[in-house]
Amino acid sequence: MNQYTLLLLAFIGGVFLAMQGGLNAHLGVLLKNPLLASMVAFTCSSFFALVIVALSLKTPPSLSLVKSIPIYLWFTGGLFSVIGISLYYFTIPKLGVSTMISYGLCGQLFFAVVAGHFGWLNLPTEPITMQRTLGLAAMITGIFLINWK
């Protein structure tokens, strides 16, 4: 897959995340509980993921591979997902989808630059350069300009 296709897929993924955030935040308002909306979303996500895996998986991972994965990796991603997504569903009705997504993106960008610099979470290191610093500053400035009233 070429770089442009990957960038387009990343863009589309961002659109879908904003859409699901708005839809599920509305569900949380109607249910009067954003955490319940998160549970519904994750239950449905699990079902759809199960169907896609069942249709696309050629061979399941071996038992030795499953046992070699550290225990914390089985749970922490899901925990952070529930917390992050529930915070989205809680704040979108109060802030609006564009404000919440833009500030959420700001948090993601900041963490991504720092985590990439130090190679946290077993990710490749991407040193903080002047260019990255200026890019981050420009994006954060843009986020504040988007939300300026």
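Biologist: Which helix gives the most to the lining of the largest pocket?

Modeller: That is H4, with 6 residues. The model is predicted: local features need pLDDT of at least 70, side-chain atom pairs count only at pLDDT 80 or more, and totals for chains, interfaces and linings use all residues. Residues are numbered from 1 along each chain as its sequence is written, and side-chain values use heavy atoms, with hydrogens and water left out.

Biologist: What makes a space a pocket, and a residue part of its lining?

Modeller: On a 1 Å grid over the protein atoms alone, a pocket is an open set of points where a 1.4 Å probe fits, with protein on both sides within 12 Å along at least five of seven lines; lining residues have an atom within 4 Å of a point. By this test 15 residues line the largest pocket, and Leu-17, Ile-85, Tyr-88, Gly-104 and Gln-108 lie nearest its centre. Helices H1 (3-31), H4 (71-95) and H5 (97-118) each give two or more residues to that lining; a helix here is a DSSP run (H or I) of at least four residues.

Biologist: How do you know that Arg-132 and Glu-126 form a salt bridge?

Modeller: A salt bridge requires a side-chain nitrogen of Lys or Arg within 4 Å of a carboxyl oxygen of Asp or Glu. The closest N and O atoms of Arg-132 and Glu-126 are 3.7 Å apart, and the pair therefore meets the 4 Å limit. The count comes to 1 salt bridge. Both residues are also among those nearest the centre of the second largest pocket.

Biologist: Why is Arg-132 called partly exposed?

Modeller: Buried means under 20% relative accessible area, exposed over 50%, and partly exposed in between (1.4 Å probe, protein chains only). Arg-132 has 35% and therefore counts as partly exposed; Glu-126, at 37%, is likewise partly exposed.

Biologist: Why is the pair of Phe-47 and Phe-48 called edge-to-face?

Modeller: Rings of Phe, Tyr and Trp (its six-membered ring) pair if their centres lie within 6.5 Å; planes under 30 degrees apart are stacked, over 60 edge-to-face, and the rest tilted. There are 4 aromatic pairs by this rule. Phe-47 and Phe-48 lie 5.5 Å centre to centre, with 65 degrees between the planes, and the pair is therefore edge-to-face.

Biologist: What makes the pair of Phe-111 and Trp-120 tilted?

Modeller: Their ring centres are 5.9 Å apart and their planes stand at 45 degrees, so the pair is tilted. Ring pairs link Phe-111, Phe-118 and Trp-120 into a cluster.
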